[in-house]
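Morning, everyone. I have one model to go through, and the slide is coming up now.

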Amino acid sequence: MSGIIRTQGAQVGFNDLKLPGMWSRKIGKDLYEIFIGPQHPGSGHMRIVIRIDGDVIVEADPDMGYVHRTMEKLSEVRTWIKGIPLFERMAIHDACNVTLPYVRAVEKLMDIEAPERAKYLRVLLCEINRIAAFLYGFGIFGVFLGHSTMYMWPFGDREVWVELAEWLTGARLTHSYPVFGGVRRDVPAGFTDALRKAIRYMRKRLEDYRKIFVDNPVIRARLEDVGVIPKNLAIELGITGPNLRASGVKYDVRLNHPYEVYDQLDFEIPVFQEGDAYARVWQRVEEIKQSLNILEQVADWLDKHPRTPILHDKFWKTAPPLYKKIFEETGRAKLGAVYAIMKVPAGKAYERAETARGEISYYVESNGGNKPYRIRIHSASARNALVYKYIVPGHRVMDLPAIYGSIDYFPPEADR
Amino acid sequence: MGPEELVERIKSLLGDFAKDIKIWKNDYIEVEVDKENIEEVAKRMKEFGFDHVKDLTVVDYMKEGFFRIIYNLGSYDNFELSYYIVGIAYNIPRDKPVTKTLYYIYTSADFQEREAYEAFGITFEGHPDLRPVLLSPPVAELKPLRKDFVVKEDPEIITKKK
């Protein structure tokens, strides 16, 4: 096969045509193989190898791993606490959600539980992250569909939530906020007022999104009845998150295996029956509304309750008086040296959480040492990657970006 | 349904196939089975209501000389069961890492068996498309998640003292 781009008209052979970013070859009568990606308008790198007959896809093979960072192996050679900043690199804009089950699994092994206030603070950041991640997904979806307004607006509005997270934790994206036994910081003064303002703003903006994007006839034509995942197939493939619920399965880890204080909060799990790309868009809009409801309740709770310790006694009792003074003045809990030398009792724990893209699960095994023996992570995007292999065939090539965007696939999370 | 009740139901479902059942931290149930019976066990578990593979975990016990393969099963459709994760675990010798695929029973295990193949070098007999999924073939040759693959890193202060 020649690697030269042949440009002269008579010599252009479709057998080995080379286009920038796209490589195709003829593999049979009327059957072409096209490599899409790894550079494409989406977030992160991921390639899909498709075989087309005309412009109908007959076979699709997702080729993942371009942002694989061997997190499972790296975690085995680092102390327990270093796992937190490592794992949140899976989905930096969803950092609290993806690290929380790891923290909780280790807490389970140590038989400790975070104080109630820390649990509310974790839920607070989880929901802020969830909204920001949904908006990020909307923006990428807008790019895929060539809808530049839907790229600009959610990315601009996401800034509201990123700033709130920065105010709360000190970092825009990689917060490392939940730590074993609690969280790092309490809410600063005036935070809940700003949060309520952001909630009001977001509700107004969701209405704007509906007008310009969700109810847009062009968008509807691109998305309706495209990429339909029937309920039984969604279950069989183990699809997760909003994609699963848009196919009519009422499953959300916050409901089925409640963690932190989700069982004390009042929220609904929206479910759509259609299972197409359009239902998945509505699903995310509805989920943002529910997250806003949760945030309102958390803000009320935080307003009513005075500041109490946000770290478990096992860790907080070893803190020197200076640390306690800093906490009383600023609400910041400095982490003691005990975290660097901590050992976790031998055993196994399995913990999961609902991230913006779906369920993430951690299998954590300890042999009693200062490092994990084995951590197995299976993330939401890794589960959803099966959609490309089993759902995409039968669609036209133009439907591929619509399906990719509607799944809200995030390669760094899938590759780990 | 408490974990003990679920264990009783799994015991009556699997009979002699379940060699040992352990409850970890109230919501994770580990069922030890034999390699030969894994397909039959998976079929029964699927009929029971565990409709997908939540994740496929392989743990390398290098000193003991075996791999432990754990299919962690979850349920989407059954609210009661969805609270629990049931791990179907069995051991295979480290020097002959070959086992049967569960692809035809659980489609959700497709990419995960490929992951176990590339990271541990375990062959799942009967899998229709057993190729590396995340790693490139030269890296997959190294079997990076095995314990004898050593990550070169600066030694930490804590490990030095030890």
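I start with a crossing: H11(A) passes H17(A) in a left-handed crossing. Left-handed here means that the near helix is turned anticlockwise from the far one by less than a right angle, and right-handed would be clockwise. Helices are DSSP runs of H or I with at least four residues, strands are runs of E with at least two, and both are numbered from the N terminus.

Before going on, the ground rules. This is a predicted model, in which local features need pLDDT of at least 70, side-chain atom pairs count only at pLDDT 80 or more, and totals for chains, interfaces and linings use all residues. Residues are numbered from 1 along each chain as its sequence is written, while chains are lettered from A and ligands numbered from 1 in the order in which they are written.

Back to that helix pair. H11(A) covers residues 277-304 and H17(A) residues 399-407; they pack at an angle of about 30°, with axes 9 Å apart. That makes H11(A) roughly parallel to H17(A). For the labels, under 35 degrees is roughly parallel, over 145 roughly antiparallel, 65 to 115 roughly perpendicular, and the rest oblique. Axes are lines fitted to C-alpha atoms, for helices over the stretch in contact, and angles run from 0 to 180 degrees between N-to-C directions. Ala277(A), Arg280(A) and Val281(A) of H11(A) meet Ala402(A), Ile403(A) and Ser406(A) of H17(A). Contact means C-beta atoms, placed from the backbone, within 7 Å. By class, that contact has four nonpolar residues, one polar and one charged. Nonpolar is Ala, Val, Leu, Ile, Met, Phe, Trp, Tyr, Cys and Pro; charged is Asp, Glu, Lys and Arg; the others, Gly among them, are polar.

The second pair is H3(A), residues 95-110, with H4(A), residues 116-144, at about 135° and with axes 7 Å apart. That makes H3(A) oblique to H4(A). H3(A) contributes Ala95(A), Cys96(A), Asn97(A) and Leu100(A), and the H4(A) side includes Leu125(A) and Arg130(A). Five nonpolar, two polar and two charged residues make up this contact.

Now the strands. S8(A), S9(A) and S10(A) form an open antiparallel sheet in that order, where two strands pair if DSSP finds at least two bridges between them. S8 and S10 of chain A are the edge strands, each pairing on one side only. Nine bridges join S8(A) to S9(A), and Glu351(A) stands opposite Tyr362(A) in S9(A). H3(A) packs on this sheet, touching S8 and S9 of chain A, and its direction makes about 155° with that of S8(A).

Elsewhere, S3(A), residues 31-36, and S4(A), residues 47-53, pair antiparallel over six bridges. Ile34(A) has Ile50(A) as its bridge partner. S4(A) is also joined to S5(A), residues 56-63, by seven antiparallel bridges, with Arg51(A) partnered by Glu59(A). S4(A) and S5(A) form a hairpin with two residues between them, and Gly54(A) in the turn has a positive phi of about 70°.

Last, the interface. How many residues of chain A are in contact with chain B? The count is 35 residues of chain A against 29 of chain B. S8(A) supplies the largest share of the chain A side, four residues. That side has 15 nonpolar, 11 polar and nine charged residues.

On confidence, the predictor gives the complex an ipTM of 0.89 and a pTM of 0.89. Questions, please.

Conventions
Contact = placed C-beta atoms within 7 Å.
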